[in-house]
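Here is a friendly tour for anyone who likes to read a fold through its side chains. Please keep the viewer open while you go through the points.

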Amino acid sequence: MAAPMTPGARVQAAVEALDRIAAGEPAERVLTRWARGARHAGSKDRAAVRDHVFDALRRWWTAAALGGGEDGRARMIGLLRDLGTDPATLFTGQGYAPAPLDPAEATCPEHVQHLDVPDWLLPELDRSLGPSRDDVLAALRHRAPVFLRANLARTTPEAAAGALADEGVATRAHPLSPTALEVVSGARRVHLSAAFRDGLVEVQDAASQAVADAVPLAGAGRVLDYCAGGGGKTLAMAARHAASYHAHDADPGRMRDLPERAARAGVAIDRVATADLAHDYDVVLADAPCSGSGAWRRAPEGKIRFTPARLSDLMALQDEVLAQAAARVAPGGALVYATCSLLEVENGDRVRALGAPNMRLEAERRLTPLDGGDGFYVATLRADRD
């Protein structure tokens, strides 16, 4: 068995990965290729390098400022400083560690902490978040908690927590959703657990669960998840209310694993092609493509790639999705619009721009990381009866 990498060697691997990410390669691809090529790296080494890289992505601008540059080496120097570690203890040049700091690098700049989002986005974040803006952005600089959803089709939250505890995964209930379990310890054991294998739990953010909870399913017979993706919200809805569930996505490949997940969860979900969609669903959920800004602590690469042009394209797509989803709602039915965005320009502004005089806004909710989970927006609109 190969000896584990030294802490310094892990830092050097992160430096090289960050240079490739800065050059435009997707972070997941970079890390996957590194792991395949680094046969000497064990699971703890791979996890440590991944943590370094994602911590640097979360603090992208602060790390550069504290490291005195924008390459991977500078960002790792700055990240370590921001986390309270003297980089000289890891930049030693020994055991595949990065070369020692030169005199310029050894001079620590004044502690200047960036808000770690693109500067051009700050006015919109200010409008969207108000006085909580800086606190929300500070939360996005830290790792997200791991949440599980207790699958009500097979168990109760209490029984699921007990089964997980028997396998070394400690959890606690979370107020965002009755089914939410926050993993306190043993997160890396979840996917190997019998509780996961047998469909007692699914990995799902607590705020995402709260969005699924907000969908008005009482009395609904036909439910459409119009932008289903992997189907997490469809599974959550099907576990709490018996109905005929239909999942659709513009890219059917995103739903590839849904039949297996549904079978494990003990629920029935039909995947539906665009040509086969009806116009009489009692409930249509449109979890639209968005900036993902509410989940940037979980997927921080999104913020370093985000541009005004991309935001403009997303807004146009959201308007299109809303209009198409609205056309699928039966008279008296509900249209639920959701995003994992913090930006009002993607949220309430899009609902207000919907040209559907036969629909009235029934409820709205905005969640941020300060509530414990990811940032989400959800609005329910009710169609008039004929």
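This is a predicted model: local features need pLDDT of at least 70, side-chain atom pairs count only at pLDDT 80 or more; totals for chains, interfaces and linings use all residues.

Residues are numbered from 1 along each chain as its sequence is written, and side-chain values use heavy atoms, with hydrogens and water left out.

**Salt bridges**

- A search of the whole structure finds 32 salt bridges (a side-chain nitrogen of Lys or Arg within 4 Å of a carboxyl oxygen of Asp or Glu).
- Asp287 pairs with Lys233 in a salt bridge whose closest N and O atoms are 2.7 Å apart. This pair links distant parts of the chain, with Asp287 in strand 8 and Lys233 in helix 12, 54 residues apart. Helices (H or I, at least four residues) and strands (E, at least two) are DSSP runs, numbered from the N terminus.
- Asp287 and Lys233 are both buried, where buried means under 20% relative accessible area, exposed means over 50%, and partly exposed lies in between (1.4 Å probe, protein chains only).
- Glu202 and Arg261 meet through their side chains in a salt bridge of 3.1 Å, N to O. Glu202 sits in strand 4 (residues 201-203) and Arg261 in helix 13, 59 residues apart, and both residues are buried.
- Glu182 and Arg172 form a salt bridge at 3.4 Å, N to O. Glu182 belongs to strand 3 and Arg172 to strand 2 (residues 170-173), so the pair ties together parts that are 10 residues apart in sequence. Glu182 is buried, with a relative accessible area of 14%, whereas Arg172 is partly exposed at 46%.
- A network of salt bridges links Glu124, Arg127, Glu344, Asp349, Arg352, Glu364 and Arg366.

**Nonpolar cores**

- The largest nonpolar core has 32 residues, of which Val215, Val223, Leu235, Met237, Tyr245, Val267 and Ile269 touch the most other members. Such a core is a set of buried Ala, Val, Leu, Ile, Met, Phe, Trp, Tyr and Cys residues joined through side-chain atoms within 4.5 Å.
- Elements giving two or more residues to this core include helix 12, strand 6 (244-247), strand 8 (281-287) and strand 9. Helix 11 gives the most, with five residues.
- Met237 is in contact (heavy atoms within 4.5 Å) with Ala212, Val215, Leu217, Val223, Tyr245 and Leu285, leaving aside its neighbours within four places in sequence.
- A second, separate core of 30 residues includes Val15, Ala17, Trp34 and Met76.
- Helix 12 (residues 232-240) is mostly covered, with eight of its nine residues buried. Among them are Gly232, Lys233, Thr234 and Leu235.

**Around Asp225**

- Asp225 lies in strand 5 (residues 222-225) and is buried, with a relative accessible area of 3%.
- Beyond its neighbours within four places in sequence, Asp225 is in contact with Lys233, Thr234, His246, Ala247, His248 and Leu285.
- The side chains of Asp225 and Thr234 are joined by a polar contact of 2.6 Å. A polar contact is a pair of N or O atoms within 3.5 Å; within protein, one must be able to donate a hydrogen and the other to accept it, and residues adjacent in sequence count only if both atoms are side-chain atoms.

**Aromatic rings**

- The structure holds three aromatic pairs. Rings of Phe, Tyr and Trp (its six-membered ring) pair if their centres lie within 6.5 Å; planes under 30 degrees apart count as stacked, over 60 as edge-to-face and the rest as tilted.
- Trp120 and Phe306 form a tilted pair, 5.6 Å centre to centre with 35° between the planes. The two residues are 186 residues apart; Trp120 is partly exposed at 33% relative accessibility, while Phe306 is buried at 7%.
- Tyr337 and Tyr377 have ring centres 6.3 Å apart and planes at 65°, so this pair is edge-to-face. Tyr337 is in strand 9 (residues 329-339) and Tyr377 in strand 11 (residues 376-383), and both are buried.
- Trp120, Trp296 and Phe306 form one aromatic cluster.
- The charged end of Arg264 sits over the ring of Phe196, 4.6 Å from its centre. For this, NZ of Lys or CZ of Arg must be within 6 Å of the ring centre and within 35 degrees of the ring normal.
- Arg75 lies over the face of Trp60, at 3.6 Å from the ring centre.
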